[in-house]
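Work through these exercises with the structure on screen. Try each task before reading its solution.

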Amino acid sequence: MKVSIVQMAAEYKNIKKNYLNFKKLIEKAKGDVIVFPETWTTGFFPKEELQEYTDFKGEKLKEFVSIISKEKNSNIIAGSIINKKRDNEIFNTSFIFNRNGENIASYSKTHLFSPMYEDKYFKKGNEIVTFLLDGILCGIIICYDIRFLELTRILALKGIEVLFVVAQWPIERIEHWKLLNRVRAIENQIFVVGVNGCGKVENTKFGGNSIIVDPWGKILCQLGEEEEVFTVDLNLDELKEIRKRINIYRDRRPELYKKDWQEVKNEN
């Protein structure tokens with residue numbers, strides 16, 4: 001699987017310009033799968049004016065990306081957008097498209113970043129999502145989700161080989177970003193493709209450093225802090241070899257975890 005990561009600097013609240021930039025940047029992407037960052041249409045995120053920047057059921061995005069994915073004959077992980085599903089229900093949602101331009105999956109962020117009041121403006125997603133790209137089972141999470149190890153482990157137990165992480169992660173915590181992507185790859189023996197935004201929104205500088213990590217934790221590429229497009233070929237055959245040498249799934253003790261987890265729940 002050849003993956004192109006698009007580290008994009010979204011201009012705050014300028015949807016028209018961001019769509020034009022999407023078209024410009026995707027021309028440089030040569031992957032079977034092309035991945036954009038979180039909330040690339042608006043930047044992260046226009047708070048009080050949120051209603052003005054919503055895309056009802058992602059219809060504008062779907063029409064736009066569907067055409068491009070067919071023209072490029074590429075799968076597209078379209079970052080995430082401010083998605084209005086119904087009145088007063090706004091979600092931070094990622095839409096996934098196959099080579100035929102079909103919207104094959106969508107995922108709404110399940111863990112909302114309370115330090116920046118995301119939980120005050122968005123509804124929490126309640127579904128864990130997997131999908132097939134060219135016959136390869138993949139998963140998707142958004143930014144803050146990566147701090148919650150249970151979410152990635154469930155995706156891994158469902159059998160994913162590649163996890164896509166789309167984000168707007170600030171520069172001040174960029175070491176957390178780099179480390180968490182590596183740890184999730186190692187502990188779950190999967191490829192992790194982390195695509196972060198860059199540039200500045202008000203007083204927040206987003207840190208770039210988009211990263212692709214193999215199941216050994218080896219960094220296959222790591223970008224800087226500026227807008228950039230980069231392509232990496234993932235050797236998925238490595239997964240079988242790694243799991244043969246250190247088979248964490250065979251050696252797990254789920255009966256023990258369930259027992260102690262029930263005790264913790266009873267105590268609380």
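For the charge exercise below, Lys and Arg count as positive, and Asp and Glu count as negative. The model shown is predicted.

**Exercise 1. How far apart are the mean positions of the positive and negative charges of the chain?**

Solution. Step one: count the charges. The chain has 42 positive and 39 negative ones. Step two: compare their mean positions. These are 1 Å apart.

**Exercise 2. Describe the fold and extent of the chain.**

Solution. Start with the secondary structure. The chain has eight helices and 16 strands. Next, take the radius of gyration. It is 18 Å, close to the 18 Å that the globule rule gives for 268 residues, so the chain is as compact as a globular protein of that length. Finally, look along the principal axes. The C-alpha trace spans about 50 × 45 × 35 Å.

**Exercise 3. Determine what share of the chain is buried, and what share of the surface belongs to carbon and sulfur.**

Solution. Use the cut-off first: buried means under 20% relative accessible area. By that test, 51% of the 268 residues are buried. Then turn to the surface. Its accessible area is about 12,800 Å², and carbon and sulfur atoms account for 48% of that.

**Exercise 4. Is strand β11 mostly covered or uncovered?**

Solution. Find residues 191–196, which form β11. Six of the six residues are buried, so count β11 as mostly covered. Now sort the directions. F191, V193 and V195 point one way, while V192, G194 and N196 point the other way. Last, find the partner. Strand β10, residues 162–167, pairs with β11 in the parallel sense over six bridges. There, V165 stands opposite G194 in β11.

Methods: Residues are numbered from 1 along each chain as its sequence is written. This is a predicted model: local features need pLDDT of at least 70, side-chain atom pairs count only at pLDDT 80 or more; totals for chains, interfaces and linings use all residues. Side-chain values use heavy atoms; hydrogens and water are left out. Helices (H or I, at least four residues) and strands (E, at least two) are DSSP runs, numbered from the N terminus. The radius of gyration is taken over C-alpha atoms; the globule rule is 2.2 Å times the number of residues to the power 0.38. Buried means under 20% relative accessible area, exposed over 50%, partly exposed in between (1.4 Å probe, protein chains only). Accessible areas come from the Shrake-Rupley method with a 1.4 Å probe; for residues, only the protein chains shown count as cover. The place of a charge is taken as NZ of Lys, CZ of Arg, CG of Asp or CD of Glu. Two strands pair if DSSP finds at least two bridges between them.
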